Amino acid sequence: QGTLEFSEFRLQAAKSDFRQTAPTRISIARGVARLESLNANGPNASLTASGSIDLKGEQPLQLDAAADMRLAALAGVVGPLESDGQIQLEAHVGGSLIEPRITGFVTLQQAALALPDSQLQATEVNLKATLAGDEIKIGEFSGLLNGGSFTGGGDLKFTRGNVVGSN
């Protein structure tokens, strides 16, 4: 039994300064770890999360997370990928650690993605995807790749973290 508290969490990169707005607390009692709350903000960015995982047995989990940020805020995490545009995410995770079930959505708006050492550049990328348990349903996926337009959609089905079907 115990509590871990982070009084300062900060992710600083060339184009962002992302930091928590209140202390983040993780408690462990009766074999269950709880993230009581995580709240962080930065220029054009916000993230909230809370949840729990049972540390015994099948390790059931419950996590709620929401984010709304410019992709540039993630530059320090996903380098060397250069990115911009807006990402919105809402996820509710249940099930177990071995077989999580995620519901929610992911939206990209006017995103730009490029690898500095590559000739590939995607711009004006828009994505609307729904997370539905063991499926990701892509309702809209469009943009420009090296100046040529692309569109797509479909779904992916997962079992134990592996893709088992697609459309």
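Predicted model: local features only at pLDDT ≥ 70, side-chain atom pairs only at ≥ 80, totals over all residues.
Between the two strands lie 6 residues, and together S9 and S10 form a hairpin.

S9 also has a partner on another strand. Strand S8, residues 82-95, pairs with S9 in the antiparallel sense over 13 bridges. One link in this pairing joins Gln 88 to Thr 107 of S9. Here too there is a hairpin, and 4 residues carry the chain from S8 to S9.

**The nonpolar core**

Which residues touch the most other members of the largest nonpolar core? They are Met 69, Ile 87 and Leu 108, in a core of 16 residues. Strand S7 (61-70), strand S9 (100-114) and strand S10 (121-133) are the elements that give two or more residues to this core. Of these, S10 gives the most, with 5 residues.

Leaving out residues up to four places away in sequence, Leu 108 touches Leu 71, Gln 86, Ile 87, Val 125, Asn 126 and Leu 127. Ile 87, one of those contacts, is itself among the residues that touch the most other core members.

**A serine on S8**

Ser 83 sits in strand S8. Is Ser 83 buried or exposed? Its relative accessibility is 13%, and because buried means under 20%, Ser 83 counts as buried. The side chain of Ser 83 reaches the backbone oxygen of Leu 71 at 3.3 Å. Beyond its neighbours within four places in sequence, Ser 83 is in contact with Leu 71, Ala 72, Ala 112 and Leu 113.

**An asparagine on S5**

Now to another part of the chain. Asn 41 lies in strand S5, which covers residues 32-42. With a relative accessible area of 36%, Asn 41 is partly exposed. Which residues does Asn 41 contact, once neighbours within four places in sequence are left aside? The list is Asp 17, Phe 18, Arg 19, Thr 21, Ser 46 and Leu 47. Arg 10 stands 31 residues from Asn 41 along the chain, and the C-alpha atoms of the two are separated by 9.6 Å.

**Two loop residues with positive phi**

If you like checking backbone torsions, Arg 30 and Gln 59 are worth a visit. Arg 30 is not a glycine, yet its phi is positive, at about 50 degrees. Gln 59, also a residue other than glycine, has a positive phi near 55 degrees. Where do they sit? Arg 30 is in the loop between strand S4 (24-29) and S5, while Gln 59 is in the loop between strand S6 (45-54) and S7.

Their accessibility classes are set beside those of the residues discussed above.

| Residue | Relative accessibility | Class |
|---|---|---|
| Arg 30 | 78% | exposed |
| Asn 41 | 36% | partly exposed |
| Gln 59 | 23% | partly exposed |
| Ser 83 | 13% | buried |

Why does Arg 30 count as exposed? Its relative accessibility is 78%, and exposed means over 50%. Gln 59, at 23%, counts as partly exposed because that class lies between 20% and 50%.

Technical notes
Residues numbered from 1 in each chain as written. Heavy atoms only, no water. Buried < 20%, exposed > 50% of the residue type's maximum accessible area, 1.4 Å probe, protein only. Contact = heavy atoms within 4.5 Å. Core = buried A, V, L, I, M, F, W, Y, C linked by side-chain atoms within 4.5 Å. Pairing = 2+ DSSP bridges. Polar contact = N/O pair within 3.5 Å; in protein donor to acceptor, adjacent residues only side chain to side chain.
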